[in-house]
Structure formats: C-alpha cells, structure tokens
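Here is a short note for a colleague who is opening this structure for the first time. Please keep the model on screen while reading the points.

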Amino acid sequence: MNKKILVVAALLMVVCVGGAFAWSIGVQGGGGYPAMGGAAITFTLNDSPLVFAADLQFHDGYFGVGLTGDYWFIHDPLVDTAVGPLSWFLGAGAGASVGIGNDYLGLTLVARLPIGLNMMIPVEKIEIEPYIQAVPQIGVAILPKVGLHWGVAANAGLRFHF
C-alpha cells in the first residue's frame, strides 16, 4: 500500500512540475565522422538555453548509444520571414556514448560546439522548430583503450514546443 502511495505521489509531482514549464520534444537525424549516421530524440525547457538529446549512432561494424547536453550562449535572430524569425545559435556542451559491436565495447566522453540555424513557426497553440546544426567535438575514448577522440556531426531536426 505504501509503495502505491509513493508511486502516485511521484507521478503527481512529475505532472505538476512538467505542467509548470513550457517544454519541447522532437527528433533529429544526420551523419558525420566517425558515425555514419544516427537518430535522436531531443528535448528542451523553452525558457532555458539548455538542449538535450538521447541518440543512436551507426558506425562501421558497431552502433552507439549516447546522451548530450548543450548550452546555447548565443541565440539571435538573423531575419524575419513570413512564417517566423530565422535565428542562429552557438553553444557549448558535453556528450557521452557507449559503442557496442560483436567484439567491441567503447566509452567516449566529448566536449561539443553546436552551431546552427533554427526557425520558430507558430501553429495554433504550439510552435514548430525546424533546425540544422553542425557539431564539432573533441574528447577522450576511455574504452577499449584511452585515446583522443574527435568528430563532427551534421543534423537536421524538428522540435514541437508546447
């Protein structure tokens, strides 16, 4: 009985706190080096410059699962268009990924520098945000051996702001 009360209380807290903030969720896809391609679920709190993603990357012979968090320290409009303002952003962030394959297990930690373009398009009670970004990154591979890791990703995505 006590477990049920705790579960209900936790769910109510999540719903109430989530309802107090405007948020967004979306999908993105892309490729780059060393990943051949990938897909992610991305989310933000609308009043915050923080952007998060959980991704799946496809490499030659293995795949990776990762988490990223970026802080956009510049997000300025470039031009007003008929559907909404076109803006550019520049940020800094961090990421971690685990690579898994037949005879492979890798762990990588990176520093990221996302730069891109986005647009907020109002549609009834939500805003739709299409975006493109390039993300150079440098870090360290911890497994299977310690070493320098670098890469760049190019992504296109779509977020829905509620």
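1. With which side chain does the side chain of Y131 make a polar contact? The partner is the side chain of Q28, at 2.6 Å. A polar contact here is a pair of N or O atoms within 3.5 Å; within protein, one must be able to donate a hydrogen and the other to accept it, and residues adjacent in sequence count only if both atoms are side-chain atoms.

2. A word on the source. This is a predicted model, in which local features need pLDDT of at least 70 and side-chain atom pairs count only at pLDDT 80 or more, while totals for chains, interfaces and linings use all residues. Residues are numbered from 1 along each chain as its sequence is written, and side-chain values use heavy atoms, with hydrogens and water left out.

3. The overall build. Along the sequence the order is α-β-β-β-β-β-β-β-β-β-β. Helices (H or I, at least four residues) and strands (E, at least two) are DSSP runs, numbered from the N terminus.

4. Surface and burial. Of the 162 residues, 30% count as buried. Buried means under 20% relative accessible area, exposed over 50%, and partly exposed in between (1.4 Å probe, protein chains only). The protein exposes about 10,000 Å², and carbon and sulfur atoms supply 74% of that area. Areas come from the Shrake-Rupley method with a 1.4 Å probe; for residues, only the protein chains shown count as cover.

5. Contacts along the chain. Take the contacts with a separation of 6 or more: residues 24 or more positions apart account for 46% of them. Contact means heavy atoms within 4.5 Å.

6. Strand β9 (residues 126-143) deserves a careful look. It pairs with β6 in the antiparallel sense over six bridges, and L143 in β9 is the bridge partner of L107. Strand β7 (residues 115-119) also runs antiparallel to β9, joined by four bridges. There, I115 stands opposite A134. Two strands pair if DSSP finds at least two bridges between them.

7. The two hairpins of β9. Strand β8 (residues 121-123) is antiparallel to β9, with three bridges; V123 stands opposite I126. β8 and β9 form a hairpin with two residues between them, and E124 in the turn has a positive phi of about 55 degrees. On to β10: a hairpin of three residues joins β9 to β10. These strands pair antiparallel over 15 bridges, with V135 opposite A153.

8. Back to Y131. Its place is in strand β9. At 3% relative accessibility, Y131 is buried. Beyond its neighbours within four places in sequence, Y131 is in contact with residues including V27, T42, L117 and N155. Y131 and L158 are 27 residues apart in sequence, yet 6.3 Å apart in space, C-alpha to C-alpha. R159 lies over the face of the Y131 ring, at 4.3 Å from the ring centre. A charge sits over a ring if NZ of Lys or CZ of Arg is within 6 Å of the ring centre and within 35 degrees of the ring normal.

9. T44 is another residue to check. It is found in strand β2 (residues 37-45). T44 is buried, at 9% relative accessible area. Its side chain makes a polar contact with the side chain of S24 (2.4 Å). Not counting residues up to four places away in sequence, T44 touches W23, S24, L50, V51, R159 and H161.

10. Aromatic pairs. The whole structure holds five. Rings of Phe, Tyr and Trp (its six-membered ring) pair if their centres lie within 6.5 Å; planes under 30 degrees apart count as stacked, over 60 as edge-to-face and the rest as tilted. Y33 and W150 have ring centres 5.1 Å apart and planes at 35 degrees, so the pair is tilted. Y33 lies in strand β1 (residues 23-33) and W150 in strand β10 (residues 147-161), so the pair ties together parts that are 117 residues apart in sequence. Y33 is partly exposed at 47% relative accessibility, whereas W150 is exposed at 52%.

11. One further pair. Y62 and Y104 are tilted: 4.3 Å centre to centre, with 35 degrees between the planes. Y62 lies in strand β4 (residues 62-80) and Y104 in strand β6 (residues 104-112), so this pair ties together parts 42 residues apart in sequence. Y62 is partly exposed at 25% relative accessibility; Y104 is partly exposed at 29%.
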